[in-house]
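Subject: Structure handover

Hello,

Please find the structure below.

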Amino acid sequence: MIRANVLDRFLDPFGAFLTPEVAQKLANFRVDEQTQPVLTNLLTNVMRGQLTLAEREEYDTYIAVIDFITVLQAKARTVFE
């Protein structure tokens with residue numbers, strides 16, 4: 001949760017830069033069809049405790065990106081709510 005709090009503070013000013021149209025598109029963003037199965041597989045391996053070192057690095061990268069996008073989406077929702 002610390003990463004999300006840091007991202008929230010860092011990205012707070014970006015909400016002011018978003019037009020309603022851009023904010024709506026950002027809020028509606030979802031992962032593409034090719035990435036979803038990769039994430040599902042990595043999560044399955046996490047839950048089983050079966051990640052290789054390379055998979056752990058990939059998983060951690062996805063989590064960091066997801067946290068970043070989630071905070072941006074929260075900022076975007078404040079523009080049109």
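**Salt bridges**

D60 counts as partly exposed because its relative accessibility is 38% (buried is under 20% relative accessible area, exposed over 50%, partly exposed in between, with a 1.4 Å probe and protein chains only). This is a predicted model, in which local features need pLDDT of at least 70 and side-chain atom pairs count only at pLDDT 80 or more, while totals for chains, interfaces and linings use all residues. Residues are numbered from 1 along each chain as its sequence is written, and side-chain values use heavy atoms, with hydrogens and water left out.

D60 forms a salt bridge with R56, with 3.5 Å between the closest N and O atoms (a salt bridge is a side-chain nitrogen of Lys or Arg within 4 Å of a carboxyl oxygen of Asp or Glu). R56 is partly exposed, at a relative accessible area of 35%. Both D60 and R56 lie in helix α4, four residues apart, which is about one turn of the helix (helices are DSSP runs of H or I with at least four residues, strands are runs of E with at least two, and they are numbered from the N terminus).

By this rule the count comes to three salt bridges. K75 forms a salt bridge with D8, the closest N and O atoms lying 2.5 Å apart. K75 is in helix α4 and D8 in helix α1, so this pair ties together parts that are 67 residues apart in sequence. K75 counts as buried, at 10% relative accessibility, whereas D8 counts as partly exposed at 36%.

D12 also forms a salt bridge with K75, at 3.0 Å between the closest N and O atoms. This pair links distant parts of the chain, 63 residues apart: D12 is in the loop between α1 and α2 (20-27), and K75 is in helix α4. D12 counts as partly exposed, at 48% relative accessibility.

**Largest pocket**

The largest pocket has a volume of about 240 Å³. On a 1 Å grid over the protein atoms alone, a pocket is an open set of points where a 1.4 Å probe fits, with protein on both sides within 12 Å along at least five of seven lines; lining residues have an atom within 4 Å of a point. Grid points are joined across faces, edges and corners, and the volume is the space filled by probe spheres set on the points.

Among the lining residues are F29, R30, D32, Y62 and Q73. The largest share of the lining, six residues, comes from α4.

Regards
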